[in-house]
Amino acid sequence: MEYTRLGSSGLKVSRVALGCMSFGEAERGSNQWTLDDAAAEPVFRQAVESGITFWDTANTYSDGTSEEVVGRAIRKYTDRDSIVLATKVFFPMGDGPGGRGLSRRAILEQVDNSLARLGTDYVDLYQIHRFDPETPVEETMEALHDLVRAGKVRYLGASSMWAWQFAKLQHAADLGGWTRFVSMQNQYSLLQREEEREMFGLLADQGVGSLPWSPLAKGWLARPWDAAATQRAKSDPLTARYEGEENRPIVDAVRRVAEARGVPMAQVALAWVLHNPEVDAPIVGPTKSHHLADAVAAVDLELTDDEVTALEENYTARQPSGYK
């Protein structure tokens, strides 16, 4: 495994992030494909053995049970000092005034709940899961800064929003003398490249690292176009964003490059994401051992200029997705 600094910060992370949305109690969330402690054990062991030290979860995943599973896994299969642990705040976790959003009340309440579920007294990277239009950016950034000052959070990150919204939050931090974001967790794959228009340029200018989610487009880039969808893809309401026929030539190009290379399609698609100089670590949500194996192998897969051109040439502009 290779390691890199997260943005311009001093925090070292593995070039592949273990996405922990795959773990939790299925009956406590909307995802019936999640793995409980026993089912997730081989995945966690493989991550540790592969040197994947960057683990990413969120308070909302499986109604908090993803954080619980991750916390127990850290204690059982590795140790807290060896893991860069990330979680998130924004989406609903309760009906009270601190149950959702990015108000001061919500941030202070939800970070304590996350720490309790994770069984730790700090997280390395605390991320706002979306932009909150109902809360002043100054209130959000000062509250997040206070978590850093209190030692509950080491670094701050954001996820999926318009570039102007992210710039507004960073500017508020600068004006207030508060902690800035060091990372942006944004959707990025061969089937969704709209972040190239404004966000990646902003990240480069601000020294902020990118942590792409859904780098395989919910699995569409990991199998031939006409192959049967996985259980996870079938149950995910967001998978419809990738079903358009305009995406078939892109998936076909991934297949051709993969066949010529003699490697799985997932390796090619992930190698393309890693090819972007602003990308620090794509987030891979494994449920099977070959998912992590492909991700690790992709780190060393160097695509040629001709292969990159073939993979990119059929992309057409589309609406960004994953946020409003």
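The legends below describe close-up views of a predicted model.

**View 1. Helix α5 and the elements that surround its buried residues.** Helix α5, made of residues 163–176, contains 14 residues, and the distance from its first C-alpha to its last is 20 Å, close to the 20 Å expected at 1.5 Å a residue. Within α5, the buried residues are Ala-163, Gln-165, Phe-166, Leu-169, Gln-170, Ala-172 and Ala-173. Following α5 comes Gly-177, which has a positive phi, near 70°.

**View 2. Gln-170 within helix α5.** Gln-170 is part of helix α5, and because its relative accessibility is 2%, Gln-170 counts as buried. When neighbours within four places in sequence are left aside, the residues in contact with Gln-170 are Arg-180, Phe-181, Gln-206 and Val-208.

**View 3. Helix α1 and its packing.** The 14 residues of helix α1 (residues 37–50) should span 20 Å at 1.5 Å a residue, and the C-alpha atoms at its ends, which are 19 Å apart, agree with that expectation. In α1 the buried residues are Ala-40, Val-43, Phe-44, Gln-46 and Ala-47, and the elements against which the buried residues of α1 pack are β3 (17–19), β4 (54–56), α2 (65–77) and α10 (289–298). The residue that follows α1 is Gly-51, with a positive phi, near 85°.

View 4. Arg-45 and Glu-41 are joined through their side chains by a salt bridge, with a distance of 2.9 Å from N to O. Both Arg-45 and Glu-41 belong to helix α1, where they are four residues apart, about one turn of the helix. Arg-45 counts as partly exposed because its relative accessibility is 38%, and Glu-41, with a relative accessible area of 25%, is partly exposed.

View 5. The side chains of Asp-146 and Arg-104 form a salt bridge at 2.7 Å, N to O. Asp-146 is found in helix α4 and Arg-104 in helix α3 (residues 104–118), so this pair ties together parts that are 42 residues apart in sequence. Asp-146 counts as partly exposed because its relative accessibility is 26%, and Arg-104 counts as partly exposed at 33% relative accessibility.

**View 6. Further salt bridges.** The structure as a whole contains 15 salt bridges. One of these links Glu-196 with Arg-193, and the closest N and O atoms of this pair are 3.1 Å apart. Glu-196 has a relative accessible area of 33% and is therefore partly exposed, whereas Arg-193 is buried, with a relative accessible area of 12%.

**View 7. Arg-80 in the loop between α2 and β5.** Arg-80 is placed in the loop that runs between α2 and β5 (84–89). With a relative accessibility of 15%, Arg-80 counts as buried, because buried means under 20% relative accessible area. Not counting residues up to four places away in sequence, Arg-80 touches Ile-74, Leu-85, Thr-120, Tyr-122, Val-123 and Asp-124. The C-alpha atoms of Arg-80 and Leu-11 are separated by 15 Å, and these two residues are 69 residues apart along the chain.

**View 8. The second largest pocket.** This pocket has a volume of about 160 Å³. The second largest pocket is lined by Met-161, Trp-162, Ala-163, Trp-164, Glu-194, Glu-195, Arg-197, Glu-198, Met-199, Pro-320 and Tyr-323. In its lining, seven residues are nonpolar and four are charged, with no polar residues.

**View 9. The largest cavity.** Rolling a probe the size of a water molecule over the atoms shows where empty space is left. One cavity of 30 Å³ or more is found when the whole structure is searched, and the largest cavity holds about 50 Å³ of space. The residues that line the largest cavity are Gln-187, Gln-192, Glu-194, Glu-195, Pro-320, Ser-321 and Tyr-323, and they divide into two nonpolar, three polar and two charged.

Methods: Residues numbered from 1 in each chain as written. Predicted model: local features only at pLDDT ≥ 70, side-chain atom pairs only at ≥ 80, totals over all residues. Heavy atoms only, no water. Helix = DSSP H or I, 4+ residues; strand = E, 2+ residues; numbered from the N terminus. Expected span 1.5 Å × (residues − 1). Buried < 20%, exposed > 50% of the residue type's maximum accessible area, 1.4 Å probe, protein only. Contact = heavy atoms within 4.5 Å. 1 Å grid on protein atoms, 1.4 Å probe; cavity = no way out; pocket = protein on both sides within 12 Å on 5 of 7 lines; lining within 4 Å. Points joined across faces, edges and corners; volume = space filled by probe spheres on them. Nonpolar A, V, L, I, M, F, W, Y, C, P; charged D, E, K, R; others polar. Salt bridge = Lys/Arg side-chain N within 4 Å of Asp/Glu carboxyl O.
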